[in-house]
Amino acid sequence: MAVILDQNIAGEQCAIGAYKQLMDVTKDKDMVTYNLALTILEQEVEHEEDLQNLKEDLDLMVARGSK
Ligand SMILES: [Fe+2]
C-alpha cells in the first residue's frame, strides 16, 4: 500500500512540475493558458497534500499495529 502511495505522490509531483513549466512558458504570452495551468496546478498540489496526509495516517496505523 505504501509503495502505491509513493508512486501516486511521485505522479502528482510530476504533474506539478509539468504545470509549473507550462506556466513559465506561457507567462506574459498567453494569459488564458497561464491561468488554466495555475488552476490545475492548485488542484495537483491539493492531490499531493491529500496523498501525503494519507501516507502519514497509514504509517501511524502501521506503527501502532506493530506494537
Ligand atoms: Fe492529480
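Guide: Start with E42, which lies in helix α2, residues 31-65. Helices are DSSP runs of H or I, at least four residues, numbered from the N terminus. This is a predicted model: local features need pLDDT of at least 70, side-chain atom pairs count only at pLDDT 80 or more, and totals for chains, interfaces and linings use all residues. Residues are numbered from 1 along each chain as its sequence is written, and side-chain values use heavy atoms, with hydrogens and water left out.

Visitor: Is E42 buried, partly exposed or exposed?

Guide: Buried means under 20% relative accessible area, exposed over 50%, partly exposed in between (1.4 Å probe, Shrake-Rupley, protein chains only). E42 has a relative accessible area of 48%, so E42 is partly exposed.

Visitor: Which residues gather with E42 in a patch of negative charge?

Guide: A charge patch joins like charges within 9 Å, taking residues with over 30% relative accessible area and no salt bridge. Asp and Glu count as negative, placed at CG of Asp or CD of Glu. Here E46, E49 and D50 gather with E42 on the surface.

Visitor: How many salt bridges does the structure hold?

Guide: A salt bridge is a side-chain nitrogen of Lys or Arg within 4 Å of a carboxyl oxygen of Asp or Glu. The structure holds one. K55 and D6 form it, at 3.0 Å from N to O. The pair links distant parts of the chain: K55 sits in helix α2 and D6 in helix α1, 49 residues apart. K55 is partly exposed at 22%. D6 is also partly exposed, at 35%.

Visitor: What is the nearest side chain of opposite charge to E48?

Guide: That is K20, 8.4 Å away. E48 is buried yet has no salt bridge. E48 has its place in helix α2.

Visitor: What is E48 in contact with?

Guide: Contact means heavy atoms within 4.5 Å. Setting aside neighbours within four places in sequence, E48 is in contact with I9, E12, Q13 and I16.

Visitor: Where is T26 found, and which residues does T26 touch?

Guide: T26 is found in helix α1, residues 2-26. T26 touches T33 and Y34, not counting residues up to four places away in sequence. The relative accessibility of T26 is 8%, so T26 counts as buried.

Visitor: What is the phi of D28?

Guide: Most residues other than glycine have a negative phi. D28 has a positive value, near 65°, and is not glycine. D28 sits in the loop between α1 and α2. The relative accessibility of D28 is 69%, so D28 is exposed.

Visitor: How far apart are the C-alpha atoms of A18 and L58?

Guide: They are separated by 28 Å, while the two residues are 40 apart along the chain. A18 has its place in helix α1. A18 counts as partly exposed, at 39% relative accessibility.

Visitor: Where does S66 lie?

Guide: S66 lies in the segment after α2. S66 has a relative accessible area of 61% and is therefore exposed. The C-alpha atoms of S66 and E46 are separated by 30 Å, with the residues 20 apart along the chain.

Key: Patch = residues over 30% accessible without salt bridge, like charges linked within 9 Å, V, L, I, M, F, W, Y side chains within 5 Å. Helix = DSSP H or I, 4+ residues; strand = E, 2+ residues; numbered from the N terminus.
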